[in-house]
Amino acid sequence: ITGADVYFIAGQSNAAGCSDFYRNDKATFNLSGKWLTKAKSGIYTKGFPNVSYFGFGGVSSVESAGTRFLTELVPVKVAQGSNYVSEFGPELGMAEYLSTHYGPGSENPNRVAVIVKYAVGAASLIGEQAASWCSWCAPSYQKANNITIFGQDLYHNMVGTSTDYSTGVVYKAFDAMKAKGYTDIDLKGFYWSQGEAECNESDYAKHGPALEAFITDMRKDLDLASNSFMSANTSVNIAGATDLDFLISEIAPTFSNSIKLADGTSSNQYIREVVKAQKAVAEKLS
């Protein structure tokens with residue numbers, strides 16, 4: 001196998017993964033129905049051999065990432081969420097689905113799927129909240145609005161900088177793929193789960209412009225990071241960044257103890273406004 005299809009996960013806590021696989025005793029499954037049956041079979045704890053994971057998901061400072069940052073490709077399984085003990089994020093369900101489309105007997109017998117995740121709880125998108133310890137603020141939005149980033153600059157932590165993309169999580173993931181012999185890399189899609197940080201009176205109106213800038217800048221910088229890696233590693237080909245598909249999850253209508261109304265929207269006006277902005281950006285961008 002020499003080919004790898006890459007699926008990115010980024011955002012705040014829902015992307016990082018705070019779902020409990022076990023209850024407090026760390027032995028009883030916190031699942032029901034068909035998922036409980038599957039869990040008992042062991043598929044989630046054994047992992048999916050045709051879908052690999054690389055990256056970080058946390059709810060506290062990335063400075064303490066040593067125990068949560070998986071810097072080698074490993075099969076996707078439970079405990080790659082925010083605490084690396086029993087929590088999981090969207091990577092687990094994605095891997096279960098993707099595993100049927102890669103490897104022997106599938107339509108992609110000579111390829112694997114790789115999930116690259118970088119997500120941190122409570123992360124802002126607009127970057128200017130002094131109380132926030134981390135931000136996804138896109139460079140173009142930061143420049144246009146003269147914003148000073150407080151705390152960790154998650155955007156550049158993920159993609160690196162224009163002077164050295166090799167510092168970014170993405171470049172390091174490419175290195176890990178090359179080490180496994182994957183020289184034909186295709187960037188397939190980007191799952192973004194964030195917005196709760198802007199569900200408030202002072203920030204909700206900024207979410208739409210910041211999200212549009214994030215997607216536009218991320219496509220551009222992923223392309224530049226890919227080109228930088230290929231320049232240094234001529235045996236590797238990377239494609240698909242400039243028109244990368246984005247999947248945006250809506251803010252849950254029940255976030256922050258809000259109520260889901262009969263029409264499916266939230267009782268919280270700021271959640272409604274952020275969801276409206278998310279939909280508008282999806283309609284506007286390709």
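Modeller: Alanine 122 is partly exposed, at a relative accessible area of 46%. The bands are these: buried is under 20% relative accessible area, exposed is over 50%, and partly exposed lies in between (1.4 Å probe, protein chains only). This is a predicted model, so local features need pLDDT of at least 70 and side-chain atom pairs count only at pLDDT 80 or more, while totals for chains, interfaces and linings use all residues. Residues are numbered from 1 along each chain as its sequence is written, and side-chain values use heavy atoms, with hydrogens and water left out.

Back to the backbone. Alanine 122 is not a glycine, yet its phi is positive, about 65 degrees. It sits in the loop between β6 (111-120) and β7. Helices (H or I, at least four residues) and strands (E, at least two) are DSSP runs, numbered from the N terminus. Alanine 79 also has a positive phi without being a glycine, at about 75 degrees. Its loop runs between β4 (70-76) and β5 (87-88). Alanine 79 is buried, with a relative accessible area of 17%.

Now the rings. Rings of Phe, Tyr and Trp (its six-membered ring) pair if their centres lie within 6.5 Å; planes under 30 degrees apart are stacked, over 60 edge-to-face, and the rest tilted. That rule gives 20 aromatic pairs. One of them joins tryptophan 136 and phenylalanine 214, edge-to-face, with 5.9 Å centre to centre and 85 degrees between the planes. The two residues are 78 apart in the chain: tryptophan 136 is in the loop between β7 (134-135) and α5 (139-144), and phenylalanine 214 is in helix α8 (residues 207-232). Tryptophan 136 has a relative accessible area of 0%, so it is buried. Phenylalanine 214 is also at 0% and counts as buried.

A second pair involves α8. Tyrosine 171 and phenylalanine 229 have ring centres 4.9 Å apart and planes at 70 degrees, so they too are edge-to-face. Tyrosine 171 is in helix α7 (residues 169-179) and phenylalanine 229 in helix α8, so this pair ties together parts 58 residues apart in sequence. Both tyrosine 171 and phenylalanine 229 are buried.

Ring pairs also build a cluster; among its members are Phe8, Tyr118, Trp136, Trp192, Phe214 and Phe246.

Next, the helix packing. α7 and α8 have axes 10 Å apart and pack at about 45 degrees. Therefore α7 is oblique to α8. Angles under 35 degrees count as roughly parallel, over 145 as roughly antiparallel, 65 to 115 as roughly perpendicular, and the rest as oblique. Axes are lines fitted to C-alpha atoms, for helices over the stretch in contact, and angles run from 0 to 180 degrees between N-to-C directions. The α7 side of the contact includes Val170, Tyr171 and Phe174, and the α8 side includes Leu222, Ala225 and Phe229. Contact means heavy atoms within 4.5 Å. The residues of this contact of α7 with α8 are seven nonpolar, two polar and two charged. Ala, Val, Leu, Ile, Met, Phe, Trp, Tyr, Cys and Pro count as nonpolar, Asp, Glu, Lys and Arg as charged, and the others, Gly among them, as polar.

α8 also meets helix α9 (residues 269-284): their axes come within 9 Å and cross at roughly 40 degrees. In α8 the partners include His207, Leu211 and Ile215; in α9 they include Val274, Ala277 and Val281. The contact of α8 with α9 divides into five nonpolar, three polar and two charged residues.
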